[in-house]
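I opened this entry to keep a record of what I looked up in the model. The notes follow the order in which I checked things.

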Amino acid sequence: MSPHPRSVSRLFDWAYHKLFPRRTSNQPDPEPVITDEFDISDITDGFYLYSLQETQRVASRNQRSTLSTDGSYVTARMDQLLDQLHFPTTLYTVGSIDWELAKTSRAMELDADGLSEIQFNSIIDVYTKVYAIAKLMSVTLLSYGVEMDHSPHGLLANIEHAESIVTTLSANALIECTEKLYYALYARVVIEMANVELCSSFQTDIRSLAKREPYILPHPVQAYKILLIFKEALDSQKVCSGFDKRIMRQYQEDFVTRTAPKCIEAAQVTDDFLGYRRHIMGVLTDSSSLFRVKWAGLSEMYKMPPGNVLMVLSEKYLPFRPKLDIQYDILPRDLPFIDVTAVDSDKWEQRRIRCNRDATLAKLESRGVGEVRQEKYADCLMDYLKEKKCVCASTCECTYYCTYDCERFCPCSEYVMRIMLAEKRKYPGKHSFAIRCINLANALFEKLATMRTDIPDSELNKEGERAIQLLEREVRIQRDAMAMTY
Ligand SMILES: [Zn+2]
Ligand SMILES: [Zn+2]
């Protein structure tokens, strides 16, 4: 299976209206109209008039040739038309009809030399954003232990391909990669949103067992909000201006076809000790359940898999312990934390007094201690962090405990340190692009995962956008480093 090009008739329709606005004797030219349906009889006269004028022009230059023969005439004129349009005039977005037409024309080879700098950069921008979202999505899935198969049309294979061409100068390669990754990602985001929402309908208190653990995965309700951030970023007009549901549905069907046999097998051999599966089958067989009503109503964007497949897919979001087995770029023991037992006692006492002062001020102002430090000591946050003292925003769930127990080592220190080191990074360094990105994406996901659930969604959205931007920065660092070697 592969994504289909946008229909030729639609491209033709657009091109026709762009170049041949229909004329009536004394009327001004009407605005070009883009329609989804193409009716050949509707344009025959316009096309004929244009052809006639062209024929006369060509004849006057004595260049009449095979173009004027009956059967091949329309085709030849169409080729000539496409030649005129073979370079886009707009900035690149997925599904842009201008760029689709350029790809469909005979002159398909686009490279950095054939485009303006701003156009080439627009391709990089979309590639970068889609890759950043895909990397965050992959870490989200892997954290829950959701499988990412290596199928050529799966999300993982497309991410790996995007990483393999991160420094390419070929506009064609970037566009092809971006569009495949975009639809593979979009399809998966929608599927997983349904899975997470279904899982969230199951009420259980098993997560309370993990209250003392430093980091637990977000509740399915919160995970749904995170996936929604990814979807909304993909829906941006700056990323995609011509969404093709048909392509997305193909990726979804491909995923379900690949996954269904394993799910059916898993449904037969695993126990239902929590009663989750009975609950889910009840929801799925009840045509009036909120889940059924919502997702059946979204049939253009999502086709519900068989019940036992959906049951197993959604069950993946029950666990609360992260399952991502990451290959570190910097081992935890090599992160620049200070060994507190080796610090001079007088100096440590001074630091302790300062921490108490920060916490007292935070309590007086009803804020988190990390927020106070962000505001008052922005230049030396790393010093606090090296001592594992809290520098988190008040939107982090550690805030209360870190403020009221200022001796506490902030449980967020490791991921905050990784994010801060990435923010300071200007060059790729010795680790591969893929390894750096998965480490950064994992740290950013932990940050999203540890945000308080009682804050407005806008705060989570803001942090999600910031996470995407930081991963985009990593792509730019890689490309800039490549550019400097030339
Ligand atoms: Zn903290
Ligand atoms: Zn925190």
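**Notebook: loops, helices and core**

I began with Lys388, which is found in the loop between helix H15 (381-386) and helix H16 (399-404). Helices (H or I, at least four residues) and strands (E, at least two) are DSSP runs, numbered from the N terminus. Lys388 has a positive phi of about 60° although it is not a glycine. With 19 C-beta neighbours inside 10 Å, Lys388 counts as partly exposed. For burial I used this rule: a residue is buried if 20 or more other C-beta atoms lie within 10 Å of its own, exposed if 12 or fewer, and partly exposed in between, with C-beta atoms placed from the backbone.

The model is predicted; local features need pLDDT of at least 70, side-chain atom pairs count only at pLDDT 80 or more, and totals for chains, interfaces and linings use all residues. Residues are numbered from 1 along each chain as its sequence is written, and chains are lettered from A and ligands numbered from 1 in the order in which they are written.

**Confidence and overall make-up**

I looked up pLDDT, the predictor's confidence in each residue, from 0 to 100. Its mean over the protein chain is 84, and 80% of the residues reach 70 or more. Residues 1-8 have pLDDT below 50, and this stretch has 16 contacts in the model beyond near neighbours in sequence. Residues 14-70 stay under 50 as well, with 39 contacts beyond four places in sequence. A contact here is a pair of residues whose C-beta atoms, placed from the backbone, lie within 7 Å.

I found 19 helices and zero strands in the protein chain. Of its 486 residues, 33% are buried.

Ser366 sits in the loop between helix H13 (345-364) and helix H14 (369-376), and it is exposed, with 8 other C-beta atoms within 10 Å.

His219 is in the loop between H7 and helix H8 (220-235). I checked its distance to Tyr317: the two are 98 residues apart in sequence and 8.2 Å apart in space, C-alpha to C-alpha.

**Helix H10**

Which residues of helix H10 (residues 276-285) are buried? I found Arg277, Ile280 and Leu284. They cover an arc of only 65° around the axis, which puts them on the same side of H10; the arc is that of the directions from the helix axis to the C-beta atoms. On the other side, Arg278, Gly282 and Thr285 are exposed. The cover over the buried residues includes helix H7 (171-200), helix H11 (290-297) and helix H12 (307-315).

The largest nonpolar core has 99 residues. Such a core is a set of buried Ala, Val, Leu, Ile, Met, Phe, Trp, Tyr and Cys residues joined through C-beta atoms within 7 Å. H7 gives the largest share of this core, 19 residues. Domain 2 (117-315) and domain 3 (332-484) both give residues to this core, so it lies between them; the domain bounds come from an automatic or database domain assignment.

Ile133 is among the residues with the most contacts inside the core. Not counting residues up to four places away in sequence, Ile133 touches Leu185, Phe230, Ala233, Leu234 and Ile468.

Ile468 is one of the buried residues of H19. I saw that the buried residues of H19 pack against helix H5 (117-143), H8, helix H17 (413-424) and helix H18 (433-449).

Conventions. Two residues are in contact if their C-beta atoms, placed from the backbone, lie within 7 Å.
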